[in-house]
Amino acid sequence: MAVYCTRCGTGLPAGARFCSNCGAVMPAANVAPGGPLIRPHAGRQIAGVCLALARAYGWDVSAVRIITVLAFFFSSGLVGVAYLAAWIGIPEEPPDLSGAYPPGVYPPGI
Ligand SMILES: [Zn+2]
């Protein structure tokens with residue numbers, strides 16, 4: 001089972017400690033699929049909806065993004081409405097106070 005970089009979304013081998021693409025440290029709690037449906041701060045490209053779905057269901061985030069974009073065009077924007085609904089409906093990841101990042105390593109974006 002693949003895991004995904006929390007910063008850039010690159011697929012990584014299971015149990016990877018570092019991203020082979022951007023070098024980000026992978027907190028163990030953040031890389032396992034099957035977590036709650038939340039929009040993470042790290043690795044999001046638009047609103048984190050695709051990343052939230054990919055992480056919650058263990059899908060490939062790149063595939064989710066491609067399908068979302070294709071579906072947007074083929075549905076004449078209907079998916080865009082659904083995306084906005086998901087943006088509003090999926091709770092934002094709470095600020096990282098759990099110590100998931102090792103000391104001295106700050107989440108991307110700070
Ligand atoms: Zn990365």
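Is Cys 19 buried or exposed? In this predicted model, Cys 19 is buried, because its relative accessible area of 5% falls under the 20% limit.

**The chain as a whole**

The protein chain has 110 residues, and 35% of them are buried. Its secondary structure consists of 4 helices and 2 strands. Read from the N terminus, the order of the elements is β-β-α-α-α-α. Among the contacts in the protein chain with a separation of 6 or more, 40% join residues 24 or more positions apart. The accessible surface of the protein chain is about 6600 Å². Carbon and sulfur atoms account for 68% of that surface.

**The zinc site**

Cys 19 is also one of the protein donors of the zinc ion, through its SG atom. The other donors are the SG atoms of Cys 5, Cys 8 and Cys 22. These donors lie 2.2 to 2.3 Å from the zinc ion. Along the chain, their spacing is C-x2-C-x10-C-x2-C.

The arrangement of the 4 donor atoms is tetrahedral because the angles they subtend around the zinc ion are 105 to 116°. For four tetrahedral donors, the ideal angle at a metal is 109.5 degrees.

| Residue | Relative accessible area | Class |
|---|---|---|
| Cys 19 | 5% | buried |
| Cys 22 | 29% | partly exposed |

Definitions and conventions:
Residues are numbered from 1 along each chain as its sequence is written. This is a predicted model: local features need pLDDT of at least 70, side-chain atom pairs count only at pLDDT 80 or more; totals for chains, interfaces and linings use all residues. Side-chain values use heavy atoms; hydrogens and water are left out. Buried means under 20% relative accessible area, exposed over 50%, partly exposed in between (1.4 Å probe, protein chains only). Contact means heavy atoms within 4.5 Å. Accessible areas come from the Shrake-Rupley method with a 1.4 Å probe; for residues, only the protein chains shown count as cover. Donors are N, O and S atoms within 2.8 Å of the metal (3.2 Å for Na, K and Ca); water is not among the atoms, so sites may look incomplete. Four donors count as tetrahedral if all angles lie between 85 and 135 degrees; four count as square planar and six as octahedral if opposite donors are over 155 degrees apart and all others between 65 and 115; anything else is irregular.
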